[in-house]
Amino acid sequence: MANALPIPHLARTEAEPLLATIGNTPLLGLEKIAREFPDIEIFGKAEYFNPGGSVKDRAALNMVLDGERSGKLNHHRTILDATSGNTGIAYAMIGANRGYKVKLVLPGNASEERKRILKAYGAEVVFSDPNESSDGAIRRVRQVYMEDPNRYFYPDQYNNPANWKAHFEGTAAEIIHQTDGGLTHFVAAMGTSGTFTGTTRRLRRDLPEVKCYSAQPSSGFHGLEGLKHMPTAIRPGFYDDTMADGNLWIETEDAYRMVRRLAREEGLLVGISSGCNVYAATLLAREIAARGESAIIVTILCDSAEKYLSENFWDQE
Ligand SMILES: Cc1ncc(COP(=O)(O)O)c(C=O)c1O
């Protein structure tokens with residue numbers, strides 16, 4: 001084709017490898033949500049800007065790179081792990097990009113959208129008992145691994161320090177920089193607890209005045225996909241329940257309501273755990289406002305709504 005026009009924004013020198021776009025996500029001010037608390041600002045770290053669409057890109061990449069460095073991961077081995085969805089999507093994307101096979105154990109009732117995304121990346125999926133949720137996937141992946149350990153690289157996201165370290169090195173450092181060190185509170189719900197653990201450890205080191213709160217579903221039976229009710233779940237190996245300054249117990253319905261508010265008032269189409277996190281931030285804001293104090297609260301917008309669009313809660317007011 002003669003005389004093709006150059007495309008300036010795709011200049012060679014600006015090209016980045018896909019995996020280099022993980023991290024450095026925007027920090028968004030949630031002004032409408034915080035409006036009822038005049039002296040309090042609430043910010044959401046928009047993790048759905050990661051190329052795999054969630055906060056789990058950071059942990060998955062760090063665990064894969066750590067596996068390569070240690071020699072446990074090579075091109076004869078298949079990446080194998082249990083996931084409720086987002087870590088699997090991240091492994092599948094990273095595996096495709098770096099030339100590894102990926103096999104994932106997922107609860108059988110995972111949403112159709114998740115299954116299709118994993119298939120699209122070419123990952124193999126094994127389904128665990130839908131009644132046992134993410135704990136069933138953990139039990140099943142251990143069986144699969146033990147049947148042929150030499151065939152697999154099993155990062156074990158629930159027990160691998162490279163998971164929380166991704167947030168110590170990345171997420172927390174970015175939040176400190178993006179708030180000019182001015183944040184006063186951090187709050188995040190937990191699946192593996194990697195995001196909460198890594199971010200909190202870094203904040204404790206660099207800004208010891210910051211208060212760090214975890215959030216959890218209020219019971220073992222809940223609709224907060226990706227999150228764990230620690231008292232009744234298999235406990236992640238690196239989860240330390242003495243680390244948080246407090247824990248906020250969240251009802252599924254309150255997270256759903258906040259997801260709708262974020263879409264309709266802020267124009268942010270985020271997933272259910274993000275609704276949980278922002279609702280938790282408003283609970284904190286209410287307590288702080290009642291004491292007449294000001295605050296800058298940071299939380300995590302873990303993924304976008306695209307994997308949850310078929311759920312019924314969108315139809316409510
Ligand atoms: C949608 C969603 N939100 C939040 C989390 C929690 O992240 P972490 O495992 O770092 O605690 C997960 C974990 O899988 C998730 O899938």
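Which residue in β10 is the bridge partner of F186? I looked it up and found V298.

**Ground rules.** I am working with a predicted model, where local features need pLDDT of at least 70, side-chain atom pairs count only at pLDDT 80 or more, and totals for chains, interfaces and linings use all residues. Residues are numbered from 1 along each chain as its sequence is written, and side-chain values use heavy atoms, with hydrogens and water left out.

**Sheet.** I read strands as DSSP runs of E, at least two residues, and helices as runs of H or I, at least four, numbered from the N terminus. Two strands pair if DSSP finds at least two bridges between them. Strands β7 (residues 185-189) and β10 (residues 295-301) run parallel and are joined by three bridges. I traced an open sheet of six strands, ordered β1-β2-β10-β7-β8-β9, with mixed pairing. β1 (27-29) and β9 are at the edges with a single partner strand each, so one side of each has no neighbour in the sheet.

I noted five bridges between β8 (residues 211-217) and β9, which run parallel. Q216 stands opposite W249 in β9.

**Helices.** I checked which residues meet between α3 and α4: N86, G88, I89 and A92 in α3 meet R114, I117 and L118 in α4. Contact here means heavy atoms within 4.5 Å.
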